[in-house]
Amino acid sequence: MNQRILSLCIGIGLFTGTTDAQLQRIVLQGAGTPQIFTDLSAALAASQPNDKLYLSGGNFQVTGNLVIDRPLHFIGAGIHPDSSSVTSTTTITVDPVGTTGDIVITSGASGSTFTGLVLAPYYYIQYGTGLADDDPTDLLFQRCRFLSRTITYFNVTVPSASSTVFDECIFNRHINGYIGGSGTFTRCILDYQTGTSSAINGFGILSIDHCVFLDVEAFRNSPNATMENSICTDTNYPVYQSNNITLTNCIFSGTTYTGNSSGAVVVNCALNVPVASIFINETDLNYQFTDDLHLTPGSGGIGGADDGTDIGIYGSGTPYKPGAVPYNPHFRSAVIAPATNANGDLPVNIRVAAQTN
């Protein structure tokens, strides 16, 4: 199938925002002829290593656990309701009426990527089914939203070798690395509000850059971690029980840098910065898509990052992308006729915007 025809198949499959919900589709693209599915479990069963799964807008529900045991690339229609108004957002819901549904990613899925998805298992996202397969490496989550707890290691008694990059993601629950594994967070928004835990807990290797933590402790139990060019509005301390960490060019609303920790290296950071003076529009410290996390005019964080860009998600060489639009073409409008014309053709008028990243 040529690229033009494939793009049309993918495009029509994405238009759940303007057509009946039953039209949500998954296009499985690999070395062979592309296949179209309506059921995510069936698409996974038919997939081969390194295949791409293009998910339309809509809610894809899976009963029981969803196990990913081979390298695959999941591309959704997006997570932002406004930016995905034509297609609808893409949500993966696991065991919606059960009690223990998980998204399970095993070592065999190393190299997998996930973009433009709302991930909503009933319980959590888990690495591995046991000690033998709990070390997936080189995972990438980009422009995803997490509505459940994420656990990156199956058992706390043995260090993990897993490694994951979270880029431009939104976390509404906390993430546990336990005593092992590598976690890299870039341009992420974390606003976990329930319970007493930190937004991030227990990574063996933890790197945070250009992130925003809203009214939540940034991390704990992660010695030697680095946090730079980031903002934490928790009024106590951003770090707990983590020795020998490095904080660089960060803004904090609290009165101290760490709790129950020693050996911290702090460079060009600020304490006691009122929340009202940081963001253009963030009133309740609970992230909504209507919030504007650009820095206020005159903020010390403008140009204050170690690379000369702004502190927070809109800094770095590749700032947080407005609307969290995934890298597949952004559908601006779609008008699909309800029936074929006199020639037997189905009139379709589609406007898309190419994405550079």
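Q: Where does Thr233 sit in the chain?
A: Thr233 lies in the loop between strands β25 (231-232) and β26 (239-240). Helices (H or I, at least four residues) and strands (E, at least two) are DSSP runs, numbered from the N terminus. This is a predicted model, where local features need pLDDT of at least 70 and side-chain atom pairs count only at pLDDT 80 or more, while totals for chains, interfaces and linings use all residues. Residues are numbered from 1 along each chain as its sequence is written, and side-chain values use heavy atoms, with hydrogens and water left out.

Q: Is Thr233 buried or exposed?
A: Buried means under 20% relative accessible area, exposed over 50%, and partly exposed in between (1.4 Å probe, protein chains only). Thr233 counts as buried because its relative accessibility is 0%.

Q: Which residues does Thr233 touch?
A: A contact means heavy atoms within 4.5 Å. Leaving out residues up to four places away in sequence, Thr233 touches Phe213, Leu214, Asp215, Ser253, Val275, Ile278, Phe279 and Leu285. For Asp215, the backbone nitrogen is 2.6 Å from a polar atom of the Thr233 side chain.

Q: What is the strand order in the open sheet of twelve strands?
A: Two strands pair if DSSP finds at least two bridges between them. Here the order is β2-β1-β3-β6-β9-β12-β15-β18-β21-β24-β27-β30, and the pairing is mixed. At the edges are β2 (35-37) and β30 (265-267), each of which pairs on one side only. Strand β27 (residues 246-248) runs parallel to β30, and three bridges join them. Within this pair, Thr248 has Val267 of β30 as its bridge partner.

Q: Which residues touch the most other members of the largest nonpolar core?
A: In soluble globular proteins, nonpolar side chains tend to be buried together. A nonpolar core is a set of buried Ala, Val, Leu, Ile, Met, Phe, Trp, Tyr and Cys residues joined through side-chain atoms within 4.5 Å. The largest one has 55 residues, and Phe185, Ile200 and Phe213 touch the most other members. Helix α2 (residues 40-46) gives the most to this core, with three residues. A second, separate core of 21 residues includes Ile170, Ile231, Val273 and Ala324.

Q: What is the average pLDDT of the protein chain?
A: pLDDT is the predictor's confidence in each residue, from 0 to 100. The chain averages 85, and 82% of the residues score at least 70. Over residues 1-22, however, the pLDDT is below 50.

How values were computed
Polar contact = N/O pair within 3.5 Å; in protein donor to acceptor, adjacent residues only side chain to side chain.
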